[in-house]
Every structure is written in C-alpha cells, then in structure tokens.
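Trainee: I would like to learn how to read aromatic contacts in a model. Can we work through one together?

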Amino acid sequence: MWGEDLFCKKRFSPHDLTMKLKRIVLAVLSAVIFVSTAGASPALREQLRELERQREAAGQRVSEAENILAGTEYEMSQIVIEMQALDQAIVDANEALEAIRHHLLLTEVRIADAEEDLESARTERDTQSEILRGRLRAMYEEGTVGLLEVLFQAESIADFFVRWEFVQVAAQFDRDLLAGLEASERRVEENLSELNRSRMLIRELEAEQEVAIVAIEHQLVERGIFFASLEEDAARHAEWLAVIEEEAHAVDIEFGIVRERVRAEEAEAARIRREEEERRRAEAARAREAERAAALSNLNSFSDFAWPLAISGTISSRFGNRADPFTRRTDFHTGIDVSAAGGTHIFAAEAGIVRFAGWGAGWGNWIIIDHADGYSTMYAHNTRNRVTAGQRVTRGQHIGDVGTTGRSTGNHLHFEIRLNGNHVDPLRYFSR
C-alpha cells in the first residue's frame with residue numbers, strides 16, 4: 001500500500017502511545033535538568049543548534065506524514081464518489097431492467113392476443129371454406145341441370161338476367177370472402193411472428209441487463225473492500241502522525257527551554273558588557289575631566305580677555321534685553337554681536353581646551369572653549385570652525401572664520417563669556 005515504506009505497516013496500540021509519551025516527558029525533563037546545570041554558553045548554543053536541526057527533521061517528518069494521510073483521505077474521497085456513482089448506476093440499471101420486463105410483459109400479452117386472433121381467423125376461414133366447399137359440392141352433384149333449372153324458372157328475360165347476375169355475384173362473393181379470410185390470417189401470422197421476434201430480442205436485453213447489474217454490483221463490492229483497506233491505512237497513518245507530532249512538540253518544548261536559557265545568558269552577558277562599557281566610559285570621562293581640570297589649573301589666572309576678532313568691528317547688539325531681529329519681541333541677549341566681513345579670523349579670547357566645535361540649528365557653526373577659574377567663551381555663526389573638541393588652544397589662536405550660518409541676519413560673530421555656567425557681560429572683560 002502507498003506509504004507503507006515509511007510506516008512499515010507498524011500499528012501503534014494505546015499502550016504503545018502511552019509508553020512513547022512517557023519517554024518524551026522523560027526526555028523533556030532531562031533537557032530541563034541539563035539546561036539548569038549547564039554553565040557554558042557555547043555548549044548551550046551548540047545544543048540549541050542541534051535542537052534546531054531536530055526540529056527541522058521532526059517538522060519534515062510531520063509534513064511527510066500529513067501529506068501521506070491527506071493523500072490517503074483524498075483517495076478515500078474519490079472511492080466514495082466512485083461507489084456513489086456505482087450505487088446510482090445500479091439503481092438506473094434496475095430501473096432499465098424493470099422497463100425491459102414491463103415491455104416484455106406487454107409483448108407477451110400482445111402475443112397472446114395475436115394467437116387468439118390467429119385462432120379466430122383460422123376458425124372463420126375454415127367455416128367459410130367449408131360452406132364454400134358444400135355449395136360447390138352441391139353444384140357438382142346437381143351439375144348443370146340444377147343451374148339451368150334456376151335460370152329457366154325465370155318468368156321473363158329480365159328475371160333471367162337477374163337470376164344469372166345473382167349466381168355470378170354469389171360465386172364472386174364466396175371467392176372474395178375466402179380470399180379476405182386468407183389475407184387476414186396471413187396478417188395475423190406475420191404480426192405474431194414479429195411479436196415473437198420482439199420477445200426474443202427483449203429477453204436478450206433482459207439477460208444482458210441482468211449481467212450488467214451483476215458486474216456493477218461486483219465492482220461496487222471491490223471498491224468497498226478497497227475503501228476498507230484505505231480506512232485501515234488512514235487510521236494507521238493518523239496514529240503515526242499523532243506520535244511524531246508529540247515527538248515534534250517535545251522537541252519544540254526542549255528547544256524553547258534551551259533558547260530561553262541562551263537568551264538569558266546572552267542578555268546577562270550583554271548587561272555585563274554594557275555595565276563594563278559604561279564603567280570604562282565613566283572612568284574615561286573622569287580621566288578626561290581630571291586631565292581637563294589639571295590642564296585648566298595649569299592655565300594662568302587672568303583679569304581680562306583678548307578681543308576675539310582680527311579687527312575692532314562694530315558691536316551691533318549688546319548683552320541684555322533687546323528686540324529679537326526675527327520676531328521683534330523683547331528677549332534676553334546672552335552675549336554680544338560684532339559685525340565683521342565674512343571670513344574675518346576669529347581668535348581664542350584666552351588659552352583653554354575646546355569643549356565643543358560643531359553645528360547647531362540656531363547657532364550654525366559654533367565653538368565653546370573652557371578656561372581657568374570657571375570661565376568659558378562661545379563663538380557662533382562661523383562660516384568655518386578650525387578647531388576640534390578636546391583640542392588645546394592658546395590665547396589669540398585662529399579658531400574660526402566669521403560667517404552667517406544658523407539663525408542669522410548677516411555676517412557677524414556672536415560672542416559669549418560664561419562664569420561657572422552663568423552668562424556675564426563680555427564687555428566687562430576687555431582691557432581695550
């Protein structure tokens with residue numbers, strides 16, 4: 001039978017299935033114990049890969065078993081359709097047989113009627129023939145004298161011809177009547193012969209129909225036997241499918257346990273790596289801050305800053321409240337704006353370490369430099385920055401060029417001084 005090479009025609013009893021499930025449960029418990037005691041992630045990952053291969057193999061077996069079961073069930077459905085068609089064919093054949101037998105019965109009745117008609121025709125023909133023979137015999141015995149006596153007894157010429165015509169008509173009537181009876185007898189005989197031939201043909205059809213019905217019934221029995229064998233195959237395939245589905249489910253459970261353990265270990269390792277990285281970054285930041293503090297502590301204290309541009313320039317906006325050039329609303333200006341041609345060199349107002357050098361949506365290119373004693377300076381709207389974060393600069397070093405980047409109405413330098421993070425008026429710190 002189709003698929004027996006896979007299943008080897010092994011039939012699983014309920015006891016077999018119970019023992020199989022017990023083995024599966026023991027395997028899962030063993031996997032749980034192994035996972036709970038395994039400590040090395042490489043070993044778990046290798047076990048996970050092996051379980052993945054087992055899952056794929058189990059899935060393939062389940063798919064094959066499902067296909068075989070589906071094929072068997074489809075074949076059963078086709079056999080059912082065939083058996084239904086055979087049942088209907090038997091019904092149709094029996095109806096046709098009944099019609100043939102009914103036609104045969106009508107033919108038998110017509111034959112019986114025809115035989116009666118033939119017997120009546122023969123009786124009438126014999127009777128009429130006997131009358132004719134009697135008349136002829138009397139005429140023969142009396143001879144011509146008797147006929148002449150009839151004729152000569154006529155009282156006139158007219159009566160003679162009447163008597164003569166009567167003799168002629170009577171003789172012709174006898175002949176015509178006998179011929180008609182004989183023709184009627186032949187027609188009845190021919191009809192009876194045709195009916196007998198029809199009866200033979202109908203009986204042959206009846207026999208053939210009976211043979212056809214027996215053949216269909218035999219075919220139906222064969223299909224039924226084959227369907228029963230397919231039912232057994234389907235039951236065996238379903239049992240086997242249930243077993244391998246349980247095995248696949250057990251593998252899925254074990255795979256899920258190991259996968260969660262691997263994920264937990266990987267998450268723990270990632271957490272440790274993150275903490276280590278954060279610790280290294282914190283230590284590096286502390287080291288940089290200590291280095292920055294040490295560098296800043298080495299800078300000389302000062303009482304004023306150097307002018308940040310190569311030219312004097314024009315102060316277009318001072319520190320403090322002003323009308324915003326874009327919104328025309330009063331706001332606080334945190335530095336000073338010094339008008340200068342684009343590209344004019346920008347200098348560091350004092351020695352220090354560059355904290356930031358980059359781009360900001362409002363400031364465009366801008367720079368912040370940390371100095372000693374908690375001071376820092378800011379240079380914004382630059383067309384170009386010429387220093388980078390972390391770089392040490394000296395007083396008066398070229399650090400950028402004047403521009404109009406960011407939120408700006410023209411070429412200028414926005415310059416700020418901050419003391420311990422608080423904005424102060426820059427103009428208080430220039431000695432010029």
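**Surface, core and rings**

Mentor: Start with the surface. The accessible surface of the protein chain comes to about 26,200 Å², and carbon and sulfur atoms hold 55% of that. Keep in mind that this is a predicted model.

Trainee: How many of the residues count as buried?

Mentor: The chain has 432 residues, and 33% of them count as buried.

Trainee: What helices and strands are there in the protein chain?

Mentor: Four helices and 13 strands. Now the contacts with a separation of 6 or more: 73% of them involve residues 24 or more positions apart.

Trainee: How is a pair of aromatic rings described?

Mentor: By two values: the distance of the centres and the angle of the planes. Searching the whole structure gives eight aromatic pairs. One of them joins Phe356 and Trp366, with 4.7 Å centre to centre and 45 degrees between the planes. The pair is tilted, because stacked needs under 30 degrees and edge-to-face over 60.

Trainee: Which parts does this pair tie together?

Mentor: Phe356 lies in strand β6 (residues 352–360) and Trp366 in strand β7 (residues 364–370), so the pair links parts ten residues apart in sequence.

Trainee: Is Trp366 buried or exposed?

Mentor: Trp366 is buried, at 16% relative accessible area.

Trainee: Which residues form an aromatic cluster?

Mentor: Trp307, Tyr379, Phe415 and Phe430 form one cluster.

Trainee: And what sits over the ring of Phe255?

Mentor: The charged end of Arg55, 4.2 Å from the ring centre.

Methods. Residues are numbered from 1 along each chain as its sequence is written. This is a predicted model: local features need pLDDT of at least 70, side-chain atom pairs count only at pLDDT 80 or more; totals for chains, interfaces and linings use all residues. Side-chain values use heavy atoms; hydrogens and water are left out. Rings of Phe, Tyr and Trp (its six-membered ring) pair if their centres lie within 6.5 Å; planes under 30 degrees apart count as stacked, over 60 as edge-to-face and the rest as tilted. Helices (H or I, at least four residues) and strands (E, at least two) are DSSP runs, numbered from the N terminus. Buried means under 20% relative accessible area, exposed over 50%, partly exposed in between (1.4 Å probe, protein chains only). A charge sits over a ring if NZ of Lys or CZ of Arg is within 6 Å of the ring centre and within 35 degrees of the ring normal. Contact means heavy atoms within 4.5 Å. Accessible areas come from the Shrake-Rupley method with a 1.4 Å probe; for residues, only the protein chains shown count as cover.
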